[in-house]
Every structure is written in structure tokens, then in C-alpha cells.
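Q: Please take a close look at one part of this model, the sheet, and then at a pair of packed helices. How are the pieces arranged?

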Amino acid sequence: MSADSWAQGLQPYGLIVAPSGWEGDEQALVLRAVRRMAQALGGAEGMRRALGAVRLERRKQGGGGLYAFWPRPPWMRIVIGEPTLHQQPEWLGEVALVHELAHAWDARTANIVARVLGRPGRVVRELVRFVGEEPGPTWYGSGLSGLRRTLRAASEEWAETVAAYLYPEYIAHLSSRPEEQGWPQRAGLTGHVRPGLGPRHHAYVEERFQEIRRWCSSAL
Ligand SMILES: [Zn+2]
């Protein structure tokens with residue numbers, strides 16, 4: 001696939017990319033991640049409905065990040081670092097991209113002032129209310145200090161919840177790590193086996209996906 005046709009192929013999903021600078025396996029990785037998320041959202045139109053248009057840029061260093069407000073069209077920007085795109089197993093790069101796309105989804109439910117200030121949107125705020133004391137799916141995506149969630153921690157919790165929902169293999173992969181298994185106990189959360197999507201997190205994220213899928217089928 002040429003870089004131009006790759007970039008054109010991402011447009012229906014709302015993703016704007018500059019075709020140059022991406023290696024072939026990176027292009028394939030982006031496409032796989034976007035397709036997996038879009039499929040759960042009822043298709044490319046569901047993805048656009050949930051996230052709107054987002055610019056995706058590759059950078060040489062660092063991990064992934066979302067700029068919820070970027071002062072140029074399409075006003076939202078995801079950057080993803082080359083090291084993040086080349087991990088073992090390979091699909092961890094897809095998980096990282098889906099994580100940033102989940103941040104974009106939430107940002108789309110925030111007003112412009114909140115986006116400029118980097119505050120979470122409705123999706124994250126409702127997640128916090130809905131899940132109560134249930135810890136997030138991963139160590140990274142959880143309020144670490146006794147679950148007194150800051151809104152920033154809650155944003156990561158949402159992004160990791162989406163990643164865990166779309167990539168069960170991510171949870172299986174993390175399960176081999178003692179630090180991932182041990183943190184709920186260290187935080188005083190007895191009876192919570194982690195990593196994994198708890199029932200409330202699962203119910204919440206599933207409903208957000210279904211909401212978009214329902215919109216897609218009613219728009220037909
Ligand atoms: Zn994040």
C-alpha cells in the first residue's frame with residue numbers, strides 16, 4: 001500500500017495523517033488499531049461520531065499523547081513516539097494508540113474551555129460516578145492513592161478501560177507481572193483481582209460503545 005492511499009484510507013475514520021515519515025509496519029499497525037476500535041463503534045462513521053476529526057502525528061521520541069485542543073484544524077492532535085510503535089509484542093503499539101484515541105473520545109464530550117484547560121469530559125466524569133470504589137483495569141489506569149481519584153487519574157482510567165475492553169490480550173499480557181497483580185492489595189483493596197476489567201468498568205465502557213452503535217444503526 002502506498003503512503004498516500006494509507007492516509008486516504010484513514011480519512012473515513014476521522015484520522016488526518018501526513019503520509020510521509022511512517023514505515024510500512026507502522027502504517028499497518030495504525031490501521032489495525034483503528035479498525036479494531038471502529039468495528040466496536042459500529043464502523044468508520046461510528047468512530048467519526050465518537051471522536052470527530054483528529055490529527056495523528058508520529059514523533060521520533062517519547063510515548064503517546066493527546067492534545068485535546070490544538071490551535072489548527074482539526075483542532076485535536078495525537079502524537080505517538082517511534083519507540084511506542086515498536087514494542088514486543090507488536091500489538092502493544094496498537095494498545096497505546098487506542099489509549100490515545102480513547103482520550104480523544106472523552107475530549108469530544110468536553111466543552112472547549114475544558115479542552116483548552118486539559119480537563120476531562122462527560123465520559124470520564126460519568127465513569128467516576130458509575131464505577132464507585134472499583135479499581136481500574138491496570139495499575140497505570142487507576143487512582144493509585146487509595147482510589148482517591150484525581151480527574152487526571154480518572155482520564156487514564158478511562159483510556160485504559162477502553163484499551164482493556166478492545167484488547168483482552170493486553171490484560172493477559174500484564175497478568176504475568178507481579179507489580180500488576182499486587183497493587184490492589186497494597187492500596188488496601190482486598191478482594192480485587194487485577195489486572196482486569198471489573199464488572200462496573202465493563203458495563204460502563206460497553207454502554208458507551210453501544211450508544212454509538214445504536215446511533216449508527218438509527219442513522220442508516
Ligand atoms: Zn493517557
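A: Two strands count as paired if DSSP finds at least two bridges between them. The model discussed here is predicted. In β2, the residue bridged to Leu15 is Val54. That link belongs to the pairing of β1 with strand β2, residues 54-59, which runs in the parallel sense over three bridges.

These two strands are part of an open sheet of four strands, and the order across the sheet is β1-β2-β4-β3. The pairing in this sheet is mixed. At the edges lie β1 (15-17) and β3 (64-67), each of which pairs on one side only. On average, neighbouring strands of the sheet are turned by 25° against each other, with direction ignored.

Now the helices. Two packed helices are described by the angle between their axes and the distance between the axes. For helix α3 (residues 44-51) and helix α11 (residues 199-218), the angle is about 120° and the axes are 9 Å apart. Angles of 65 to 115 degrees count as roughly perpendicular and those over 145 as roughly antiparallel, so α3 and α11 are oblique to each other. Their crossing is right-handed. On the α3 side, the contact is made by Glu45, Gly46, Arg49 and Ala50. On the α11 side, Ile212, Arg213, Trp215 and Cys216 take part. Sorted by class, the contact of α3 with α11 has four nonpolar, one polar and three charged residues.

Technical notes: Residues numbered from 1 in each chain as written. Predicted model: local features only at pLDDT ≥ 70, side-chain atom pairs only at ≥ 80, totals over all residues. Axes fitted to C-alpha atoms, helices over the stretch in contact; angles between N-to-C directions. Parallel < 35°, antiparallel > 145°, perpendicular 65-115°, else oblique. Left-handed = near helix turned anticlockwise from the far one by under 90°. Contact = placed C-beta atoms within 7 Å. Nonpolar A, V, L, I, M, F, W, Y, C, P; charged D, E, K, R; others polar.
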